[in-house]
Amino acid sequence: MTNVAPAATPGFISDPVHAQRRILRVLVASQILSGAGLAAGVTVGALLAQDMLGTTSLAGLPSALLTAGSALTAIAAGRISQARGRRCGLTTGYLTGAVGSAGVITAAVLDNPALLFIALFVYGAGTATNLQARYAGADLAPPGHRARAVSSVLVATTLGGVVGPNLAAPAGTLAAHLGIPHLAGLFVISGTAYALAALVLALWLRPDPLLLARAVATEAHTASNPATADTADTGEGRSGVVLGALVMILTQLVMVAIMTMTPVHMHDHGHSTAASGLVIGIHIGAMYVPSPLTGWLVDRYGHMKIAAASGITLLAAGILAAAAPGDSVALLALALALLGLGWNLGLVSGTAIITDTVPLATRAKTQGLVDVSIAIAGATGGMASGIMVAATSYPALALTGGALSLALLPAVAATAYRR
């Protein structure tokens, strides 16, 4: 830690409170850009693969490759951030995502499926980096405001995520002017957005939040401030890491499993693609829009209560999804809104738990490993959901997901009891 702390000496901005406000503004700007990049590329990845291969049999492979690339980048970005600071880690991740976008465009021009799959794997770096940025918002935040800082970064992603898919038409026009395949146009937008996000961070994420937080903590520790005590080797610290990771892993698994099969369930009951799109749009809105309120609730009432509320909300979502008549778009939309809200409660509270219990000396590396677990949980939920629905039914999947989320309650109770 001592070899990097001097780099964070607050020469550019001497007041950590002032620095935090500036850092949040820069992170919000970069997240709006990266959110557009993420949503734009994901929107057409499967369609591009289907178009190039002439079959739907491998159309799901882009999602798996994005997840794999995301998992690998979560480890790399965490380690780079640990050694060099958040600015270097996040900038590297977004630039890698931009390179992946360029690779996808090249593959489309050459009509090369192998290159497409490699490029989509690299493009997955943007997904991991987009998620990792939430931790940077909490590095300098005081303990009572960390969840709100995380939520500010999260909600910014929504703005870009809404804009990205709506650029499909102008992106197609742009592709025609550039002489590249129509579907590759969105990856031009995506690559540009990722590159701009990297530029914003490289130029303006100063001072680096993680390095400055280390410098402040070192100074306070030198002054014998008990509040800076390292909890890495305590039972409380270890149990906090386990709980925070469990909250985010379970909520991701349950959310992805139910969300993935809802459009299939609706299609089987005769609903149009537009109806499915509406339900998923409401779900995604519920995943991110409540973030400011969730952050306030976590800071006001504590991690444990909101983590428990996440499990209860996901249970309600599962029960409602299972009980909703197949022809009721309204009830399915409500169930998916609750599903998104439960995920949001879990992600914000789980992130705050990890940030509060992991010491600065190992924080970024641990956060990267946790995000790998989250990515794996999402992939597992997506793959297992199809198998389960084929073997049983969508209501059985929804009830199982809701019941699984209840595992959060004894975990929260046990951790609270130890404290």
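**Exercises on a helical chain**

The chain has 17 helices and zero strands, where helices (H or I, at least four residues) and strands (E, at least two) are DSSP runs numbered from the N terminus. The model is predicted, so local features need pLDDT of at least 70 and side-chain atom pairs count only at pLDDT 80 or more, while totals for chains, interfaces and linings use all residues. Residues are numbered from 1 along each chain as its sequence is written, and side-chain values use heavy atoms, with hydrogens and water left out.

**Exercise 1.** Classify the aromatic pair of Y123 and Y194, and state where its members lie.

*Solution.* 
- Rings of Phe, Tyr and Trp (its six-membered ring) pair if their centres lie within 6.5 Å; planes under 30 degrees apart are stacked, over 60 edge-to-face, and the rest tilted.
- The structure holds five aromatic pairs.
- For Y123 and Y194 the centres are 5.7 Å apart and the planes are at 50 degrees, so the pair is tilted.
- Y123 belongs to helix 4 (residues 113–123) and Y194 to helix 8, 71 residues apart.
- Buried means under 20% relative accessible area, exposed over 50%, and partly exposed in between (1.4 Å probe, protein chains only).
- Y123 is buried because its relative accessibility is 0%, and Y194 is buried because its relative accessible area is 0%.

**Exercise 2.** Which residues do ring pairs link into a cluster?

*Solution.* 
- The cluster consists of Y94, Y123, F187 and Y194.

**Exercise 3.** Describe the nonpolar surface patch that includes L196.

*Solution.* 
- Like charges are joined within 9 Å, and nonpolar side chains (Val, Leu, Ile, Met, Phe, Trp, Tyr) within 5 Å.
- The patch is formed by L196, L199, L203 and W204, with about 380 Å² of accessible area together; accessible areas come from the Shrake-Rupley method with a 1.4 Å probe, and for residues only the protein chains shown count as cover.
- L196 sits in helix 8 (residues 185–204).
- L196 counts as partly exposed because its relative accessibility is 39%.

Definitions and conventions: Patch = residues over 30% accessible without salt bridge, like charges linked within 9 Å, V, L, I, M, F, W, Y side chains within 5 Å. Salt bridge = Lys/Arg side-chain N within 4 Å of Asp/Glu carboxyl O.
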